[in-house]
Amino acid sequence: MNTQLVIFDLDGTLLNTIADLAASANYALEKLGYPRRSETQCRAFVGNGVTKLLERALPEGAKTPENVARMRAVFQAHYDAHNADATFAYPGMADVLATLAQKGIKLAVASNKYQSATEKLVRLYFPQVEFCAVLGARENVPVKPDPQIVRDILQAAGVAKENVLYVGDSDVDMQTAQNAQVKACAVTWGFRTREQLLPYAPAAWADKATDILNAL
């Protein structure tokens with residue numbers, strides 16, 4: 001495989017964002033009068049975008065579109081102000097991105113986090129890295145595991161799917177790679193366990209950041 005482009009998921013792959021996501025979700029739950037969720041519960045809720053996170057966080061009987069919409073407005077205002085309070089880049093990720101760039105490999109981000117927050121966090125934590133595309137959840141574009149986000153990145157990068165490695169930490173990421181017909185590398189430091197990802201039979205595994213380089 002001649003890898004010309006590596007696409008990274010954001011939450012759970014490049015950045016550990018769970019503490020800030022949980023804090024904003026709990027802030028919104030409390031504002032609406034609902035009980036808080038643990039960080040462990042929130043870890044299981046993430047992966048399909050903010051709307052799904054909030055729907056899952058609401059108690060049974062309260063998961064209405066109206067409640068989700070109200071909660072999302074509160075969540076987003078809080079998260080925009082606090083999404084870098086406790087978030088951090090996973091060890092070695094910045095060095096791996098720099099190494100890939102030095103090899104002439106194009107880099108991109110494909111996230112289900114809404115677009116403005118995706119762009120902000122990528123700029124903040126990887127300011128020296130040049131990405132050919134940074135895409136999050138956008139209006140009227142289906143979220144992962146729909147492959148449209150990968151197709152949009154391939155078009156922007158001018159790279160064929162046969163020359164792409166997709167790196168992610170979740171079942172959603174593995175499904176996205178399968179749906180887009182690109183090679184997947186599953187990382188084991190994120191929001192899902194190795195056991196949860198095994199059924200998807202990714203082409204490569206990464207237990208530490210530098211293992212990604214061996215998956216090219």
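Me: How many aromatic pairs does the count come to?
Reply: This is a predicted model, in which local features need pLDDT of at least 70, side-chain atom pairs count only at pLDDT 80 or more, and totals for chains, interfaces and linings use all residues. Residues are numbered from 1 along each chain as its sequence is written, and side-chain values use heavy atoms, with hydrogens and water left out. Rings of Phe, Tyr and Trp (its six-membered ring) pair if their centres lie within 6.5 Å; planes under 30 degrees apart are stacked, over 60 edge-to-face, and the rest tilted. By this rule the count is four.

Me: Which kind of pair do the rings of Tyr79 and Tyr114 form?
Reply: The ring centres of Tyr79 and Tyr114 are 6.4 Å apart. Their planes stand at 70 degrees, so the pair is edge-to-face.

Me: How many residues apart are Tyr79 and Tyr114?
Reply: Helices (H or I, at least four residues) and strands (E, at least two) are DSSP runs, numbered from the N terminus. Tyr79 is in helix H4 (residues 65–82) and Tyr114 in strand E4 (residues 106–114). The pair links distant parts of the chain, and the separation is 35 residues.

Me: Is Tyr79 buried or exposed?
Reply: Buried means under 20% relative accessible area, exposed over 50%, and partly exposed in between (1.4 Å probe, protein chains only). Tyr79 has a relative accessible area of 1%, so Tyr79 is buried.

Me: Which kind of pair do the rings of Tyr90 and Trp189 form?
Reply: The centres of these two rings, Tyr90 and Trp189, are 6.2 Å apart. Their planes are at 50 degrees, so the pair is tilted.

Me: How many residues apart in sequence are the parts that Tyr90 and Trp189 tie together?
Reply: Tyr90 lies in the loop between strand E3 (88–89) and helix H5 (93–102). Trp189 lies in the loop between strand E7 (183–187) and helix H9 (194–197). The parts are apart in sequence by 99 residues.

Me: Which side chain makes a polar contact with the side chain of Gln115?
Reply: A polar contact is a pair of N or O atoms within 3.5 Å; within protein, one must be able to donate a hydrogen and the other to accept it, and residues adjacent in sequence count only if both atoms are side-chain atoms. Gln115 lies in helix H6 (residues 115–125). At 2.7 Å, its partner is the side chain of Glu119.

Me: How many disulfides does the count come to?
Reply: A disulfide is a pair of cysteine sulfur atoms within 2.5 Å. By this rule the count is zero.
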